[in-house]
Amino acid sequence: MSLVDSYRRRGKKPKPFPTREPETVAVGDGEVTTYTFGRDLYDDMIAAIDGAERQILFETYIWKGDATGERFKRALAAAADRGVEVYCIYDGFANLVVSPSFKRFPTSMKVLRYPVYAAGWRFFDLRRYGRDHRKILVVDDHTGFIGGYNIGSAYETEWRDTHVRVTGPAVWDLKRAFADFWNLNRRRRLRASERPLLLETASTWEPSIRFQRNVPRLWVFPIRGMYLEAINRASRNIWLTQAYFLPDQDFVDALKDASRRGVDVRLLLPLKSNHIVADWISRGYFTQLLDAGVRVLRFRDAMVHAKTATVDGTWCTVGTANIDRLSLQGNYEINLEAIDQELAKQLEEIFLVDQSNCLELTSEEWEARDLHRKFTEAFLSPLRPLL
């Protein structure tokens, strides 16, 4: 299926899609700026790197060796050359196809390649199989970035994703998240005696923002619980945007129960994602969701890769975790969770812009699909627990 899909996409040019200019709202004692277009985000990330004075913490799942990837590599190397501490983490498996020459970094940068196979001799220890799917940038003590954007030229203009810039006390939690992962895996660098990354911890707590972290090595997976808690408390609306939607049945039941008690539940997905098998497996949930009154919206002309949600105009999340088993019970992930009406309102407005570029799936259209589609959905359903 993947080969056929790749053949069909060959030569097709990306089409424009609606976006919004970056917008900033005050949240607690800091600010949150929301990005829906990669070029805007990358420009501000590079500007933050160029302005760094003391320390840069950079972590990404995919780091392409193209023009955009080189731009980030040069900016980070230049910061290290002027005396800034530069720490970088990237996932080895996600970058297998990236040229080895791109992955040679100046010695002035401290770079950790999370290995393709991390279990060693512990073959049956499931805690050691998670990928590092996080995307974080922290500059000094004042600016942090988190969201769905990987680093690459295609993501800059062709994909619809969501990222946020955070300032204020919440940045310290992002620093801790990076440092904890680095220290957990620092011995995977060339030197077994690699020193830990130590931070001067701040005592300030930001009551409006939390960062929820999945850490498979410690068997900690709070993001799924975060979603279920918010869904179960909803009384007005639940608007979800997801790149890949392969939940467990309990998650589906929570959405169905919310819709049946009168909550406006909307699920925004790609019409066609970059993983056709995930699309087909996801469609296996549509019948029960539509029957329960959940609205299914399919984004046209571009890959929507955002992982966001809003509930009741008050609670919201932006992050790296998809609603699938790999993200919720397997990978290293991180999501911003906020209880703030202004930020939730902003994300709802973004959702409505995205919805304007969607085709809504009706129950009549879904029931009228041909037999081979029904067969494919049923045939692939056993793969749900693996994805």
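This is a predicted model: local features need pLDDT of at least 70, side-chain atom pairs count only at pLDDT 80 or more; totals for chains, interfaces and linings use all residues.

Colleague: How far apart are the closest N and O atoms of E59 and R134?

Modeller: E59 and R134 form a salt bridge. The cut-off is 4 Å between a side-chain nitrogen and a carboxyl oxygen. The closest N and O atoms of this pair are apart by 3.0 Å.

Colleague: How many residues apart in sequence are the parts that E59 and R134 tie together?

Modeller: E59 sits in strand β3, residues 55-60. R134 sits in the loop between β5 (110-114) and β6 (136-139). The pair therefore ties together parts whose separation in sequence is 75 residues.

Colleague: Which residue forms a salt bridge with R134 at 3.8 Å?

Modeller: Both partners are buried in this pair, R134 included. Their closest N and O atoms are 3.8 Å apart. The partner is D132.

Colleague: Which helix holds R224, the partner of D248?

Modeller: D248 and R224 form a salt bridge, with the closest N and O atoms 2.8 Å apart. D248 lies in the loop between β12 (245-246) and α7 (249-260). The pair ties together parts 24 residues apart in sequence, because R224 lies in helix α6.

Colleague: Is D248 buried or partly exposed?

Modeller: Buried would need under 20% relative accessible area. D248 has 25%, so D248 is partly exposed.

Colleague: How many salt bridges does the structure hold?

Modeller: Some share partners: R20, E23 and E349 are joined into one network that way. For the structure, the number of salt bridges is 21.

Conventions
Residues are numbered from 1 along each chain as its sequence is written. Side-chain values use heavy atoms; hydrogens and water are left out. Helices (H or I, at least four residues) and strands (E, at least two) are DSSP runs, numbered from the N terminus. Buried means under 20% relative accessible area, exposed over 50%, partly exposed in between (1.4 Å probe, protein chains only).
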